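Subject: A structure for you to look at

Hi,

Here is the structure I promised to pass on. Please open it alongside this email, and my notes on what turned up are below.

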Amino acid sequence: MHDRTHALIVIDMQNDFCPGGALAVAGGDAIVAPINALMDDFATVILTQDWHPAGHSSFASSHPGHSPMTMIDMPYGPQVLWPDHCIQGSKGARFHPDLRTDGDLIIRKGFNPAIDSYSAFFENDHATPTGLEGYLRTRGITTLTMVGLALDFCVNYSAVDGAKLGFDVTVRPDLSRAIDLDGSEKAALDGMKNAGVTLA
Ligand code: VGL
Ligand code: ZN
């Protein structure tokens with residue numbers, strides 16, 4: 001029997017984060033098959049989906065004169081400006097066509113036009129919950145394994161928030177890939193370790 005207190009969280013395995021996509025992460029597609037296989041080992045599988053309205057405030061195109069991959073100050077803190085990506089209902093927002101999507105829950109995030117949401121638990125204001133914590137707690141889940149894209153953004157924020165909330169969190173860097181913007185991969189690995197996340 002699989003451990004009913006341990007869930008797999010598969011983060012943002014969407015076309016736009018895979019080669020050919022709007023915010024492609026190198027090697028993003030290479031982890032689809034091993035993630036599919038890993039799902040067999042878990043009683044509960046949760047998928048997250050980055051899900052932005054057109055004109056989202058995290059898009060450089062929404063800030064005239066600003067380029068993608070530069071920073072801007074938002075009311076909730078510094079924010080990277082991204083190329084338009086994962087627009088609700090678009091092909092880019094769909095899961096990679098080979099990804100298994102027969103999991104228990106799909107949680108969408110980033111739909112608030114004014115706030116980005118890297119973490120599966122909270123929007124980038126670090127205050128607005130997505131509801132994932134309640135789902136996990138009411139199902140008696142205490143232990144989380146996280147994989148997916150991108151290691152230095154959505155996986156990192158989800159893992160650190162999960163650990164802060166008291167979940168026992170393991171990230172599999174071998175089943176994740178980073179954007180690596182200005183050293184963000186190393187910073188994320190250090191930050192996750194400091195937050196008590198196990199890197200396995
Ligand atoms: C992500 C940047 C913007 C991610 C999402 O899934 O890591 N990164 N939106
Ligand atoms: Zn996004």
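This is a predicted model: local features need pLDDT of at least 70, side-chain atom pairs count only at pLDDT 80 or more; totals for chains, interfaces and linings use all residues.

**Overall picture**

The protein has 4 helices and 8 strands, and along the sequence they follow the pattern β-α-β-β-β-β-α-β-α-β-α-β. Its radius of gyration is 16 Å, close to the 16 Å that the globule rule gives for 200 residues, so the protein is as compact as a globular protein of that length. Along the principal axes, the C-alpha atoms fill a box of roughly 55 × 35 × 30 Å. Buried residues account for 52% of the 200 residues. The accessible surface comes to about 8,500 Å², with 54% of it belonging to carbon and sulfur atoms. Among contacts between residues at least 6 apart in sequence, 72% join residues at least 24 apart.

**The sheet**

In what order do the 6 strands of the open sheet come? The order is β5-β2-β1-β6-β7-β8, with parallel pairing. β5 (105-109) and β8 (198-199) stand at the edges with a single partner strand each, so one side of each is left without a neighbour in the sheet. Strand β1 (residues 6-11) runs parallel to strand β6 (residues 143-149), and 6 bridges join them. For isoleucine 11, the bridge partner in β6 is glycine 148.

Aspartate 12 and lysine 109 form a salt bridge, with their closest N and O atoms 2.9 Å apart. This pair links distant parts of the chain: aspartate 12 sits in the loop between β1 and α1 (32-39), while lysine 109 belongs to strand β5, 97 residues apart. Are these two residues buried or exposed? By the cut-off above, both aspartate 12 and lysine 109 are buried. A network of salt bridges links Asp12, Asp50 and Lys109.

Glutamine 49, in strand β2 (residues 44-50), touches both Asp12 and Lys109. Other residues that glutamine 49 touches include Gln14, Phe95 and Ile107. Glutamine 49 counts as buried because its relative accessibility is 4%. Its side chain reaches the backbone oxygen of alanine 93 at 3.0 Å.

**Other salt bridges**

There are 7 salt bridges in the structure, and two further ones are worth a mention here. Aspartate 40 pairs with arginine 100, the closest N and O atoms being 3.0 Å apart. This pair also links distant parts of the chain, with aspartate 40 in the loop between α1 and β2 and arginine 100 in the loop between β4 (77-80) and β5, 60 residues apart. Aspartate 40 is partly exposed, with a relative accessible area of 48%, and arginine 100 is partly exposed at 27%.

Aspartate 190 forms a salt bridge with lysine 186, where the closest N and O atoms are 2.6 Å apart. Both residues lie in helix α4 (residues 184-194), 4 residues apart, about one turn of the helix. Aspartate 190 counts as partly exposed at 30% relative accessibility, whereas lysine 186 is exposed, with a relative accessible area of 55%.

Happy to go through any of this together.

Best wishes

Notes:
Residues are numbered from 1 along each chain as its sequence is written. Chains are lettered from A and ligands numbered from 1 in the order in which they are written. Side-chain values use heavy atoms; hydrogens and water are left out. Two strands pair if DSSP finds at least two bridges between them. Helices (H or I, at least four residues) and strands (E, at least two) are DSSP runs, numbered from the N terminus. Buried means under 20% relative accessible area, exposed over 50%, partly exposed in between (1.4 Å probe, protein chains only). A polar contact is a pair of N or O atoms within 3.5 Å; within protein, one must be able to donate a hydrogen and the other to accept it, and residues adjacent in sequence count only if both atoms are side-chain atoms. Contact means heavy atoms within 4.5 Å. A salt bridge is a side-chain nitrogen of Lys or Arg within 4 Å of a carboxyl oxygen of Asp or Glu. The radius of gyration is taken over C-alpha atoms; the globule rule is 2.2 Å times the number of residues to the power 0.38. Accessible areas come from the Shrake-Rupley method with a 1.4 Å probe; for residues, only the protein chains shown count as cover. Lists of a residue's contacts leave out its neighbours within four places in sequence.
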